[in-house]
Each structure stands twice: as structure tokens, then as C-alpha cells.
Amino acid sequence: LSAVEVATAHLDRIDAVEGKVHAFLHVDRDGALKAAKDVDDARAKGETTGPLAGVPIAVKDVITTKGVPTTAGSKILEGWRPPYDATIMTRMREAGLVMLGKTNMDEFAMGSSTEYSAYGPTYNPWDTTRIPGGSGGGSAAAVAAYEAPLAIGTDTGGSIRQPAAVTGTVGAKPTYGGTSRYGLVAFSSSLDTPGPCARTVEDAALLHAIIGGHDPRDSTSIPQPVPDVVAAARLGATGDLSGVRLGLVKEFAGDGAEPGVAAAYRESVDALVKLGAEVVEVSCPSFKFALPAYYLIAPSECSSNLARFDGVRFGLRSGDDGKHSLEEVMQLTREEGFGAEVKRRIILGTYALSAGYYDAYYGQAQKVRTLISRDFAQAFEKADVLVAPTTPFVAFPLGSRTSDPYQMYLADLYTIPSNLYGGPAISVPAGLSEGLPVGLQIMAPTMADDRMYRVAAALE
Ligand code: GLN
């Protein structure tokens, strides 16, 4: 098969199912066919191409793509065509990956269901009355619906792993700083981490290896090579986990997972034990404060990052009729351009950071973050990886959690600790509950991304 044939087949698939799934905000047919032709031409000339050359990919709309619309799911960025590529985008193009288009997401990556997109929700391909997870529901749904074999997501509090879990796909959050943030529309800079979405663990590892590694343009990028995640995935696929210690977090047991999810989780742990893994119990008492700490830190950082959307520099400008002052133009633009959840976070964050409240809220949340990292460090003395369900519940019906923000935030119960710590974590399919997919989450120490790929591949 030529790369052009592969791209065409996926573009046709998109045409056939998008009416039901709505995974994409923008399909770049011409760009994809041109990139595919470049790969075919290089091959015809006998040039060597990498393992993913000619493979189509869908990219979350929070990643800047040169000349291709990038909205981050927000009205405020409607019509913006970035003048540059994100570092991970440059690396994917150089590797010959063929970008099909940009995927739907909760506005500025804030949400767990993709219902907070300004452009309408994405529908879960397993059951289109249900959510595909969020914020990266478009990327996960595109992979699950065979519109793309690979996709890019970003994980700040679970937005790669939770959508993977509820769509029966694989999603990995690399070590924070292991993949570059340069060219990401920033949400919470101390947490934002781009990573791979795929249908198999090995595919995710191949993509991780291409996008990962040091980037001098990102000051928090780790100046070390990515661990050999591809070799680790292949080792895991042999099905031998002897000597691997799985840590079960005591505080997560019986804590909020619905019965079907808890049952699928126990079965997947049993399956890993049959492959030779050993189970140890670990205690992480600070994990119960992870959700409240995250919902102070993430909104605080977002209130600062989103200050740049002022109606002057990017996208939307409201009230630009000569009758309004500059300040009024900024106010009107932000009033019209941001959705309700984004406004809620900006207000929360601005409040938490205001003089006099800093110590009580943001300062306190940072202390909790330190305690969570200590819990992880102690747990990893006894265990090689920690395992948990990815999310407490299967894909919920559209509209069922939008009226109560707390119910939406609960989707992140198990994913947030590893974001606050910074270590890698992956979600792999772990069976079904009531006919809907459940995910197993595997968390590893920082820069030990290879460990989680090994265990994840063994479960497949
Ligand atoms: N659901 C979380 C939030 O709303 C996670 C977001 C993310 O990882 N981008 O903040």
C-alpha cells in the first residue's frame, strides 16, 4: 500500500462516520494527501523512512499547526491559523506521519467529557448517546472509530487516559517534561503533558519515541533521552512479568469505583499475576487531597495563562466598532469568547491567587503536591509500578454531569495524583462493564516510562 492509499482510506472513513462521531474540528484533506505523497516520493527515491512514515494521525486542537486552524475548542480562537508548528508537530512531520486533521476537545482542555467544546460534543463510537471522555474525547474517538490509527492528546489531569479508558483505546501520559510543551496552547503549565493515543501499546510507544526527548525551546523539558519504550512494549508483549511488583494503592480500594469497573479492575490484576507479577499493598494517604489540590493549582495557572486572550493578539475581537474603548473590547471579547467552565476556572484561579489568599489556597495546594510526590516515592520503594482503575465509571450519558461541576471533576479521581507528581501513566483496555470499555491505569516513577509500557503490553 502507498501512503496516499492509506491516507485516502482514512479520509474516506472520516467522511463516512463523522456525521455520527464528530471527532474532528478540521479535516486537512489536501495537507494529508500532500504529506502522504511526500512519503511515497521519498520511498521511490530509495530514501530510508522511519517506522511511522506514511501513518495517518489525528492531532488534538490544542497543538499549534502551521497554517492549519487551531482553536483549542474555544470560540475565542476561531479563525486563528498559527504561524508555527509545535515541537511535537515538527517531529511528527519529520518522521513522515500524515496529519489528517485537528480533533475536538473541551474548551482549553478543561473538562472530562468533550461536552465543553464550543463546537458541540463528540460522541462515543461504542454508544453515541454517551460521552467519549475528555478533554481529549475527539482524539480517543477518532482512534476508536478507525478514523485514525494514532492520535495526539494532552494530559493535565487525565485528558489522555480517561478518554482512552472509556473508548477502549490506549492512552499514555509521558513523564512531565519528557515531551515538549512548546507550541501547546497552555492550560496549566506545571502539569500539561502531550502524549500518544493508539489502538495498541506498541503503537503508542512508537509514537511516544518520536515526539519525546529534550527540547531547548521548553524550559521544563528534561535534558535526557526518552527511555526505550518500544523495546519495553515488545518485552511486555512476550507475556512474562516475573519479578515485577504491582503496587495496589490502599486508599483507592473501594473508593468510588462503580461495581462493574471494580470487577474488571480486579480481573485485570489477576491476569497480570498469572503472568508472573507479584502484588504488594502500598499506602498513599495524601492521594485523597489530590482532587482539591488540582482544582486549585490548575485554575490558578489557567487564570494566568488565559490572560493572553485579549481580543488583540489572536482570533476573536468583539466590540471593535470604534464606539468601545480598548478595555471594553477586551471585556466583550472575553465575555463572548469564553464558555462557562473556562470562566468558572478563571474566577476560581484569580481568587485563589489574590493577595491575602495565596497562603490559604495556592500555597496549601503546593504543599499537598509535595506530600503526594513523597507518597509516590515511598510506594516505589516497595513496588515497580502502581495500578488502579483509570476512571471510576464507564462512559456516562451525554448531559448527565454537565449541571454539576463536581460530578464532572470526579472523573479524574484516579488520574490526577500522577499529574501532581509528574510521573508517567498509561491506560490500557481492561475488559467491559455492561458492554462498555473499562481502563486499567499503570503508573511508574518519573523517567521510568518504559516500565509502564512493559506491564501494559503484557495485558493486551
Ligand atoms: N478533567 C480535567 C480538567 O478538567 C483534566 C483536564 C486535562 O487533563 N486537560 O481539568
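User: In what order do the 11 strands of the open sheet lie?
Analyst: This is a predicted model, in which local features need pLDDT of at least 70, side-chain atom pairs count only at pLDDT 80 or more, and totals for chains, interfaces and linings use all residues. Residues are numbered from 1 along each chain as its sequence is written, and side-chain values use heavy atoms, with hydrogens and water left out. Strands (E, at least two residues) and helices (H or I, at least four residues) are DSSP runs numbered from the N terminus, and two strands pair if DSSP finds at least two bridges between them. The pairing in this open sheet is mixed, and the order is β1-β3-β2-β4-β6-β5-β10-β11-β9-β7-β8.

User: Which strands stand at the edges of the sheet?
Analyst: An edge strand has a single partner strand, so one of its sides is left without a neighbour in the sheet. The two strands in this position are β1 (24-27) and β8 (278-282).

User: What is the average twist from one strand to the next?
Analyst: Axes are lines fitted to C-alpha atoms, for helices over the stretch in contact, and angles run from 0 to 180 degrees between N-to-C directions. From one strand to the next, the twist averages 30°.

User: At what angle to β3 does helix α1 run?
Analyst: Contact means heavy atoms within 4.5 Å. Helix α1 (residues 3-21) lies across β1, β2 (56-60) and β3 (98-103), and its angle to β3 is about 20°.

User: Are helices α6 and α7 roughly parallel or antiparallel?
Analyst: Helix α6 (residues 201-211) packs against helix α7 (residues 229-237) with axes 8 Å apart and an angle of about 170°. Angles under 35 degrees count as roughly parallel, over 145 as roughly antiparallel, 65 to 115 as roughly perpendicular and the rest as oblique. The two helices α6 and α7 are therefore roughly antiparallel.

User: How many nonpolar residues does the contact of α6 with α7 hold?
Analyst: Val201, Glu202, Ala205, Leu206, His208 and Ala209 of α6 meet Val229, Val230, Ala233 and Arg234 of α7. Ala, Val, Leu, Ile, Met, Phe, Trp, Tyr, Cys and Pro count as nonpolar, Asp, Glu, Lys and Arg as charged, and the others, Gly among them, as polar. By class, this contact has one polar and two charged residues, and the nonpolar ones number seven.

User: How is α9 oriented to α11?
Analyst: Helix α9 (residues 290-305) and helix α11 (residues 340-353) have axes 7 Å apart and an angle of about 95°. This makes the orientation of α9 to α11 roughly perpendicular.

User: What is the volume of the largest pocket?
Analyst: On a 1 Å grid over the protein atoms alone, a pocket is an open set of points with protein on both sides within 12 Å along at least five of seven lines, a cavity is a set where a 1.4 Å probe fits but cannot get out, and lining residues have an atom within 4 Å of a point. Grid points are joined across faces, edges and corners, and a volume is the space filled by probe spheres set on the points. The largest pocket is lined by 19 residues, with Tyr84, Leu184, Val185, Ala186 and Arg308 nearest its centre. Its volume is about 300 Å³.

User: What is the volume of the largest cavity?
Analyst: There are three cavities of 30 Å³ or more. The largest cavity is lined by 13 residues, divided into four nonpolar, seven polar and two charged. Its volume is about 80 Å³.
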